[in-house]
Amino acid sequence: MSSENGKRLLETDAGGLNFEATELTLGLPGEPRVTSDGGAKLGSKRGFSETVDLKLGDNNQEVKLGHSLQEAAKSPVSKTQVVGWPPVRGFAKRGKKSCKYVKVAVDGAPYLRKVDLEIYNSYQQLLTSLEDMFSCFTIRNYLNEKKIDQVNGIEYMPTYEDKDGDWMLVGDVPWQMFVESCKRLRLMKSSEAVGLGLTTGPKYASTN
Amino acid sequence: MNYFPDEVVEHVFDFITSHKDRNSVSLVCKSWYKIERYSRQRVFIGNCYSITPQRLIARFPGLKSLTLKGKPHFADFNLVPHDWGGFVDPWIKALAKSRIGLEELRLKRMVVSDDSLELLSKSFPNFKSLVLVSCEGFTTDGVAAIAANCRFLRELDLQENEVEDHRGHWLSCFPESCTSLVSLNFACLKGEINLASLERLVARSPNLKSLRLNRVVPLDTLQKLLMRAPQLVDLGIGSYVDDPSSEVFTKLKAVIQLCNSIRSLSGFLEVAPCCMSAIYPICENLTFLNLSYAPGLQGNDLTKLVQHCRKLQRLWILDCIGDKGLGVVASTCKELQELRVFPSDPFDAGNAAVTEEGLVLISAGCPKLNSLLYFCHQMTNAALITVAKNCTNFIRFRLCILDPVKADPVTNQPLDEGFGAIVRSNKSLKRLSLSGLLTDQVFLYIGMYAKKLEMLSIAFAGDSNKGMLYVLNGCNKLRKLEIRDCPFGDVALLEDMGKYETMRSLWMSSCEVTLGACKTLAKKMPSLNVEIINESEQLEFSLDDRLLVDKMYLYRTLVGHRKDKPEYVLLL
């Protein structure tokens with residue numbers, strides 16, 4: 001059976017919130033042992049140190065909130081987003097945006113194309129596909145920082161317009177984040193990009 | 001039975017097909033055990049870590065069909081980290097080395113590699129059927145190997161897998177000599193395929209009964225495919241977009257009239273609502289309709305469609321159908337047994353698409369209802385009590401109120417009484433998922449009344465250890481228990497350790513269980529594997545027994561610790 005200490009840690013007052021577990025930091029300082037998945041994990045955007053100052057008693061005493069919920073309630077995001085909730089598999093595929101077609105413009109090309117970002121899993125796949133589509137051009141591939149064989153000597157930088165209307169270099173953010181925020185793509189002639197100080201690109205290793 | 005020769009007993013056993021029954025039969029005496037094991041062809045292994053492939057092969061040399069499940073159910077909701085386990089490779093390797101004439105492999109939540117698929121395709125000359133559900137780790141190259149090498153392939157069924165798509169050629173790998181296909185489902189693949197190859201494949205598959213296409217297959221190809229395969233029983237439509245006045249669409253309408261065997265319809269991954277009228281002629285005979293992947297259809301499109309489906313037994317639909325739409329279902333689909341209502345926008349609480357009203361209407365109109373999965377924005381005790389009065393045949397009852405810990409909005413009470421009514425009146429209930437604001441009381445009811453319950457999913461519920469104890473003590477048939485974010489701790493975990501040997505598995509995450517308690521359990525119960533999943537880098541396991549564990553997964557096993565665990569899993 002658990003030690004006395006352990007017992008004290010775990011039993012909660014009927015209907016009350018379990019303060020003990022949040023107050024005792026059995027892990028290293030700043031490290032939230034305190035339960036929770038996802039939202040409370042290291043590396044997540046919302047740090048758990050926020051919960052230390054939480055006045056947990058202020059909440060409706062009838063409502064017994066799990067720790068991850070407390071966390072979510074405090075987050076600046078207005079919608080409650082708890083990892084693994086709601087428990088529906090592949091809901092993103094069921095969502096209204098079931099495919100993500102964006103226009104692709106290439107400087108100097110007479111017409112635009114459209115690609116569905118949903119069918120790719122990584123930047124590499126996207127860039128390869130774009131190269132196929134606009135086969136007479138070469139696209140400067142920052143991800144590997146190696147040049148693809150030049151055909152006619154003109155290099156292009158892949159850029160995209162994000163939700164805020166800003167033009168960004170492809171490859172800085174995780175792939176999924178890129179898919180969500182990308183509104184359109186533009187392959188910009190490298191010569192134009194020179195002045196933007198983009199000679200040493202970001203290295204983004206992960207594909208998903 | 002002692003006076004009968006083995007062959008006679010074996011012949012009798014041929015009529016015993018359910019896994020449970022065959023398992024029981026094998027326990028009667030040594031002689032029956034022996035006869036049963038030599039004659040067994042189909043084996044189901046609910047947890048791939050409960051036994052090794054070597055022992056499986058040793059016991060059942062006549063094995064033809066194997067079903068394996070890997071990761072725990074909560075892996076579907078991203079609660080299990082990547083690379084946790086569930087690799088099928090050792091199984092395929094072991095089977096390939098043996099003399100087993102494998103014909104059918106069904107996997108769920110397992111990690112499958114292209115190499116495994118290739119080995120599978122080359123090792124079993126009579127291989128007929130591959131079904132992969134919620135698996136990952138392979139690409140279309142692996143699928144191509146199956147297509148190319150399995151000469152007598154009847155079934156290739158890919159459901160909801162994460163497949164890296166190398167686009168195009170896998171379908172062309174079916175040799176011209178392959179004419180045995182009965183079922184082909186590639187709806188979950190995202191990439192392009194060779195449409196001409198698909199047409200030729202369907203044309204040379206006279207036994208094809210089930211065809212589920214992915215979203216890149218356009219409407220005009222669909223029309224051509226249906227021309228070739230009017231005998232289809234199960235159809236999954238990929239892209240369903242065209243101009244209703246076009247010639248292709250007119251042809252499609254004509255050919256659909258010929259497809260009077262279709263009983264099951266799904267897909268519509270891309271859809272133009274104005275084209276739906278062409279489908280109405282087949283609606284009459286449909287028994288299964290799955291529109292849960294068709295977000296392009298609005299509430300009234302769905303309602304109009306459903307009005308034609310009088311014989312429907314199973315309906316999977318998005319919540320944009322609304323309560324009114326469910327009312328139409330209730331008055332039209334009198335044969336309905338299973339209903340699944342999925343959220344079209346899980347995070348948008350503002351757009352309350354279905355509520356308790358829809359469920360009440362369904363319960364009143366569909367007397368045969370026995371299986372429910374219902375995502376809604378709110379639920380009341382009164383509604384659940386009414387549902388419990390109307391429906392007493394539930395086998396599966398899974399309710400998910402999108403806002404966790406939400407109380408009854410009318411009375412502000414927890415939903416204990418509502419769920420209590422459900423378990424009291426549905427004595428055959430095997431599976432239950434709870435949600436909403438719930439206290440220990442609901443678990444008291446479950447322990448008292450849900451005597452046939454086999455699987456229970458709990459989230460953000462309960463007040464104390466008592467809740468979990470009510471369930472463990474009362475539900476004698478419990479096989480799978482999965483709990484997240486509940487105040488259940490060591491006292492509940494350790495009260496009846498022997499109980500876990502009667503169950504397949506227990507999952508507890510974000511609860512109040514300490515490392516020390518898990519160690520105690522693991523020490524006292526060598527027949528259980530107690531796994532701690534710990535993802536934070538700084539935590540060292542040797543630290544404090546009082547530490548609360550993030551995620552614990554325990555399961556009974558005959559073969560001790562698994563050898564393939566990742567670094568972040570601690571096996572106690």
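Predicted model: local features only at pLDDT ≥ 70, side-chain atom pairs only at ≥ 80, totals over all residues.
As for confidence, the predictor gives the complex an ipTM of 0.82 and a pTM of 0.77. Chain B averages a pLDDT of 93, and 97% of its residues score at least 70.

**Helix 16 with helix 17**

- On the helix 16 side of chain B, the residues in contact are Asp416(B), Glu417(B), Phe419(B), Gly420(B), Val423(B) and Arg424(B).
- They meet Gln441(B), Val442(B), Tyr445(B), Ile446(B) and Tyr449(B) in helix 17 of chain B.
- Sorted by class, the residues of this contact are six nonpolar, two polar and three charged.

**Helix 15 with helix 16**

- Helix 16 of chain B also has helix 15 (residues 381-390) of chain B beside it, with axes that come within 7 Å and cross at roughly 5 degrees.
- With that crossing angle, helix 15 of chain B and helix 16 of chain B are therefore roughly parallel to each other.
- Helix 15 of chain B brings Asn381(B), Leu384(B), Ile385(B), Val387(B) and Ala388(B) to the contact.
- From helix 16 of chain B, the residues taking part include Asp416(B), Glu417(B), Phe419(B) and Ile422(B).
- Seven nonpolar, three polar and two charged residues make up the contact of helix 15 with helix 16 of chain B.

**Cavities**

- The model has twelve cavities of 30 Å³ or more.
- The largest cavity has a volume of about 190 Å³.
- Its lining has 18 residues, and those nearest its centre are Trp85(A), Pro87(A), Phe77(B), Ser433(B) and Ser457(B).
- Four strands of chain B, namely strand 15 (371-376), strand 16 (396-401), strand 18 (455-459) and strand 19 (480-484), each supply at least two residues of the lining of this cavity.
- Eleven of the lining residues of the largest cavity are nonpolar, four are polar and three are charged.

**The second largest pocket**

- This pocket has a volume of about 310 Å³.
- It is lined by 16 residues, with Tyr49(B), Thr52(B), Pro53(B), Arg562(B) and Lys563(B) the closest to its centre.
- Helix 4 (53-59) and helix 5 (89-97) of chain B each give at least two residues to the lining of the second largest pocket.
- The lining of the second largest pocket counts eight nonpolar, five polar and three charged residues.

Definitions and conventions:
Residues numbered from 1 in each chain as written. Chains lettered and ligands numbered in written order. Heavy atoms only, no water. Contact = heavy atoms within 4.5 Å. Nonpolar A, V, L, I, M, F, W, Y, C, P; charged D, E, K, R; others polar. pLDDT = per-residue confidence, 0-100. 1 Å grid on protein atoms, 1.4 Å probe; cavity = no way out; pocket = protein on both sides within 12 Å on 5 of 7 lines; lining within 4 Å. Points joined across faces, edges and corners; volume = space filled by probe spheres on them. Axes fitted to C-alpha atoms, helices over the stretch in contact; angles between N-to-C directions. Parallel < 35°, antiparallel > 145°, perpendicular 65-115°, else oblique.
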